[in-house]
Amino acid sequence: MVSIPEKSNLEAIYVITNYGLGSKVVKTAKKCGVTGGTIFLGREL
Amino acid sequence: MWCDRRNDFSREGTVKSRLLEMLGISDIRREVVLMVSDKKTAYNALEKLNKEFHFDKPHNGIAYSISVLDVFGMSSYDSSAIEEEEESRGVQNTMYKAICTIVDRGKAEEVMEAANNAGAKGGTIINARGSGIHETKVLFSMPIEPEKEAVLILAEDELVDKIASAIREKLKIDEPGNGIIFVQDVNKAYGLR
């Protein structure tokens, strides 16, 4: 498997959390300077 | 029927529970949050999130980050900003990779089954829609986008090929229209054990 060298200063953060906590995660991240986030509903088996 | 098992004793991060599976209540609702920022902000945010949401403790979910090549539509991001490395907790340049599999709706269970047999410890399923070039249908001049499921699995480096091969084989991914798999490097991870 080939890894692509990093070319940018950007990072995508994924947080998989319990149902109902997504908004709190975004709120906390915003306090750290993250400008926003998108919440998807997921499930586990 | 869904029930809130937020503090269930048997959950560990997103790791599959045999007990819940036996009881037939292993389907757990989750939320996946996606955010993009510069590395320094992202690592600070991950650190803060870990302190607040305790991903290091069982049952609290996971957080990880992946490099992004470019971003558009974020006016506040300054691409000329110089990256400063900072010491922080969490695992950096982890020995983990994220395997994302996109298949037709209803096939995520098969993906998880193949992945678990190959050594995966858990995964998250996201409902999605969309279609590749092989399956675009038009009804009354409107393109129909088939319903899909995206399966996110984090796995240790040495297991990635085995898991991806197992999924490819079981879901016949190499045949047109059966879905796609892509693998990404994980830079930082919290809550994996």
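Predicted model: local features only at pLDDT ≥ 70, side-chain atom pairs only at ≥ 80, totals over all residues.
Student: How much area do chain A and chain B bury between them?
Tutor: Good place to start! The size of an interface is often given as the accessible area lost when the parts come together. Here 40 residues of chain A are in contact with 64 residues of chain B. Of the area buried between the two chains, 56% is on carbon and sulfur atoms, and the total is about 5,400 Å².

Student: Which element gives the largest share of the side of chain A that touches chain B?
Tutor: Let's take the polar side first: there are 27 residue pairs in polar contact between chain A and chain B. Strand 1 (10–18), helix 1 (22–31) and strand 2 (38–44) of chain A each give two or more residues to the side that touches chain B. The largest share, nine residues, comes from strand 1 of chain A.

Student: Which residue of chain A forms a salt bridge with B:Glu109?
Tutor: The rule finds four salt bridges across the interface of chain A and chain B. In the one with B:Glu109, the closest N and O atoms are 3.5 Å apart, and the partner is A:Arg43.

Student: Is B:Phe140 buried or exposed?
Tutor: B:Phe140 sits in the loop between strand 6 (137–139) and strand 7 (142–144) of chain B. Together with B:Leu139, B:Met142 and B:Ile144, B:Phe140 forms a nonpolar surface patch with about 460 Å² of accessible area. The relative accessible area of B:Phe140 is 73%, so this residue is exposed.

Student: Which residues does B:Lys172 touch, not counting those up to four places away in sequence?
Tutor: B:Lys172 lies in the loop between helix 4 (157–171) and strand 9 (180–185) of chain B. Its relative accessible area is 47%, so B:Lys172 is partly exposed. The residues touched are B:Ile167 and B:Asn178.

How values were computed:
Residues numbered from 1 in each chain as written. Chains lettered and ligands numbered in written order. Heavy atoms only, no water. Helix = DSSP H or I, 4+ residues; strand = E, 2+ residues; numbered from the N terminus. Buried < 20%, exposed > 50% of the residue type's maximum accessible area, 1.4 Å probe, protein only. Contact = heavy atoms within 4.5 Å. Patch = residues over 30% accessible without salt bridge, like charges linked within 9 Å, V, L, I, M, F, W, Y side chains within 5 Å. Areas by Shrake-Rupley, 256 points an atom, 1.4 Å probe, with all protein chains shown as cover. Salt bridge = Lys/Arg side-chain N within 4 Å of Asp/Glu carboxyl O. Buried area = accessible area lost by both parts, 1.4 Å probe. Polar contact = N/O pair within 3.5 Å; in protein donor to acceptor, adjacent residues only side chain to side chain.
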